[in-house]
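Me: Please take a close look at one part of this model for me: its loops. I'd like to hear where the residues sit, how open they are to the surroundings and what they touch.

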Amino acid sequence: MTSRLPRRTLLKAAGVSLSLPFLESMTAVQAASQVAPPKRMVFVCTSLGLHSPNLWPTTTGKEYESTPYLDLLNQHRNDFTLFSGLSHEDQIGRQPHDSEMTWLTAARKPGVAGFRNSVSVDQVAAKHFGNATRFASVTMGTIKSQSQSYTDGGVMIPAQTSPARLFAKMFLNGTPDEIIAQKRRLLDGRSILDELGSQTKRLKQQASAADNHLLDDYFHSVRQAETNIAAADGWSKQPKPTVDTQQPKDINDPTDLIGRSRLLLDLVPLIIQTDSSRIISVMIQDHFVVPKIDGVRGTHHNLSHHGQDPSKIAELQRIETGIVQCFGGMLEKMKSGQESGTRLLDNTSVVFGSNLGNANAHEAKNLPIFVAGGGYQHGRYVDMKKEHETPLSNLFVRLLQDTGIETESFGQSSAAMSW
């Protein structure tokens, strides 16, 4: 019989504590009652789409023929399902690329006058898991703070763009002075929020009805911040996990789109395996420069609007090939990582796709969507379009339910998706 060790067991003596590496006994118990690893969700969006003729097979099911982009993922064929026919409705916004804001929320008419975003699916899941991990969620972007993660009040959660800083935040323990300073900041933040809370009633009495609506959202955020600060205070007393990986060096060159994307996606398995967070979103963005890729002379954005020019499509394929290979590299690492006799990927639902189905026409329809891992039966291409396209939100409902979250709806959903 094997007894279960707490995940964060410490050896303590004479005021000194030593954190242990992750041991099998920390999850293994009697065979009859083995503790199952937690469920996780990862969302990766390449915001300028994937060139459809290089992606979609002409036949569905398990015997689908491969395509140039699927060739790149051939070794993972049995670990993912490719979907077509999924969309959000009413995604024509103020700007052609405003659907970037709503890939994870499904809010209608993004960016138009009076638009207010809704909560993103990753944040619904993060709220469910709460403070079970050091970070309720992790949001990353390849070039700027723009993200696709939004709070209940429709406020964007800024993306982290520095793999080096994120690695340090998660896995490097600070000096004693730095830890004391961090604790002081947490306590100062709590006292400030307490003071704000004491003025709430008086302020709401003086505000208009419209302002009270905004204040409700604001104070909801304050209450959430109080909860987060209290949790952070508790986690600050726990040693960070140790990983057998060197801290990555940031790539400061914005032209290295593929290198910057790879660094972020390489962090995903580390975050998952150390249970530092169970909810991760990554946005591969337009870098507004010519990518440093052999044979590419145009910017990613301009090439995505190729106008059916064969030379531009060839350059675009080089860029998208690199992005798809980054996705494949992340899957490989998640397949090799083991926990309780299973692969990391088996316990993690990974969504890879785009907010644009046809970037050349700015069309947010028929979105390319891969679902990998999560314990599903994979190895198929599934076309979800019947008379009308299926709401992408239906997939989100299914993923939330299978992650242990009791919900019957999300965004524009009509039902939980089955396939």
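**A close look at the loops**

Reply: Happy to! His 362 is located in the loop that runs between strand E10 (348–353) and strand E11 (369–373). Keep in mind as we go that this is a predicted model. The backbone of His 362 has a positive phi of about 55°, although the residue is not a glycine. His 362 counts as partly exposed because its relative accessibility is 30%, which falls between the 20% and 50% cut-offs.

Now let's turn to the loop between strand E5 (86–87) and helix H2 (121–129), where you will find Asn 117. Ala 106 belongs to the loop between E5 and H2 too. Ala 106 also has a positive phi, near 70°, and is a residue other than glycine. With a relative accessibility of 4%, Ala 106 is under the 20% limit and therefore counts as buried.

Asn 117 has a relative accessibility of 6%, so it is classed as buried as well. What does the side chain of Asn 117 pair with? Leaving aside residues up to four places away in sequence, Asn 117 touches Met 101, Thr 102, Thr 105 and Ala 107, along with Tyr 150 and Gly 154.

How values were computed: Residues numbered from 1 in each chain as written. Predicted model: local features only at pLDDT ≥ 70, side-chain atom pairs only at ≥ 80, totals over all residues. Heavy atoms only, no water. Helix = DSSP H or I, 4+ residues; strand = E, 2+ residues; numbered from the N terminus. Buried < 20%, exposed > 50% of the residue type's maximum accessible area, 1.4 Å probe, protein only. Contact = heavy atoms within 4.5 Å.
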